[in-house]
Amino acid sequence: RSFALRLPVAGPGVPAPRYVPQRVDHFDGANPAMWQQAFYVNDTFFTKGSSAPVFLCVGGEGPPLDGSAVVRSVHCNVAVEWLQETGALMFALEHRYYGCHNAKACPVANLSEPGALRYHSSRQALGDIASFIQFANEAYGLHGNKWVTWGGSYPGMLAGWARLKFPHLVHAAVASSAPVRAELDMRGYNDVVAEAYAVEHERVGGSAACHDAIRKGHQQIGQSFGTSAGRSRLAELFGKSAGWYTDIANQQKFAGQGVADFPAQSNDPACHTPMCDIARICAAMTDASLGDEVQRLAHVRRQQDLAHPQNKSAAARAAEHSPDEDPTPGYNDGEQLWLWQTCTEFGFYQTCEIGSKCFYTQGLATLADEVSLCQKLFGISAETVQANIAYSNAYYGSDEPEGNRVMYVNGEVDPWRANSINAPLSAALPALFVPGASHHAWTHPSSASDQESVVAARRNIREQVAAFLKEPPRQEILV
């Protein structure tokens, strides 16, 4: 499970893309190759020549950026909604590879060609950010304006690292839901998912009874795989033939990450479709009139299937994309791009091992199976993956970085918090823990249905950034 979210297609009136020339490889001084990186600008409230701050919304994994990123942003709307008060200039910078939904803004011509991903790394993306800031300072006549980087999820990782690696260019950063500690076996992801279903406050609607029912149901499903009667019952409740459930690959697909969708990362108490959030699922899982725990799980799955048909029409699929998109050959919605980074930098393999807190059927989603994709897809061995992860943690400082003016913000029911910074490291590296909140929920556009904790988080973030902006810039030594 990646960070990916699908944004609504931007409507008319949003800024059009502009382009900045970037080096294909920031670390090879003998390679002069260049490409055009897309960026967007909102200067509605900015007065040229003023000392107002500059906000940079960092692009990354997930949905493609478009002009809505600087006017109604999923990752940076705390900054967008603050523009009028601060008079800030705002930019959004598309990522070098996740931006390949636009073939004009991609560092390679074909993502399917051998070696096409060799320039795809967080370090190259940070090079893009540094180069862009230097370009923008000159192009927009910015002299002494303080830059603040913003991002949620992988862009949150980049936003924080941009401040830590380029303190002479970036004055401060807000790293929302940023899992900065790379890890091979990310057991914590599914552990936090399980914990989320016991959270009651902030309209989450979980309970200990709900958590236990989901765990017990999946445990019984695991036992059912081993008997003829059990497999027949699964076929009756969930479909397929009884024989289908004898195959280990089918068992993994069916129950390894849950027999239904259990939102935690994407939990939204304001959603409206059946079984779309923790509260609705828990209402079903604690309703004994629906039968035993396995029958309740089957009910949840059926309701979700009815609400979200698997086979979308061509028109429905087309509606998810901007009509202006012209993807680079081999882009395929960017699915392989995040897999590449898990193999070459971060790991983050979300397992459900026996003995963990995971409340799915344990022992099906194993580390060996997850890591094998690296060898299968990219020829990268498990040993190399482990070495890559160790280097990333050494390079960035993992969850114990040195530096200042980075604020880390995480939500209680977001599984990615397992690898983030949830408590202040120092007065200079503050952190905010948002009760009941999902994956960077506070960075979304404000809504009347927002949880109270999310509303408070936005206020706290602005107060902290305002304090950062009052601090004078100073020369710092890069390590």
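Is R405 buried or exposed? At 2% relative accessibility, R405 counts as buried (buried is under 20% relative accessible area, exposed over 50%, partly exposed in between, with a 1.4 Å probe and protein chains only). This is a predicted model, in which local features need pLDDT of at least 70 and side-chain atom pairs count only at pLDDT 80 or more, while totals for chains, interfaces and linings use all residues. Residues are numbered from 1 along each chain as its sequence is written, and side-chain values use heavy atoms, leaving out hydrogens and water.

Here is a tour of the salt bridges.

**Overall**
- The structure holds 13 salt bridges (a side-chain nitrogen of Lys or Arg within 4 Å of a carboxyl oxygen of Asp or Glu).

**D128 and R96**
- These two side chains form a salt bridge at 2.7 Å, N to O.
- D128 sits in helix α3 (residues 122–139) and R96 in the loop between β4 (89–93) and α3, so the pair ties together parts 32 residues apart in sequence (helices, H or I of at least four residues, and strands, E of at least two, are DSSP runs numbered from the N terminus).
- Both D128 and R96 are buried.

- D399 and R181 meet in a salt bridge at 3.2 Å, N to O.
- D399 is partly exposed, with a relative accessible area of 24%, and R181 is partly exposed at 22%.
- A network of salt bridges links R181, E183 and D399.

**E471 and R405**
- The closest N and O atoms of this salt bridge are 3.0 Å apart.
- E471 lies in the segment after α15 (452–470) and R405 in the loop between α14 and β9, 66 residues apart.
- E471 counts as partly exposed at 30% relative accessibility.
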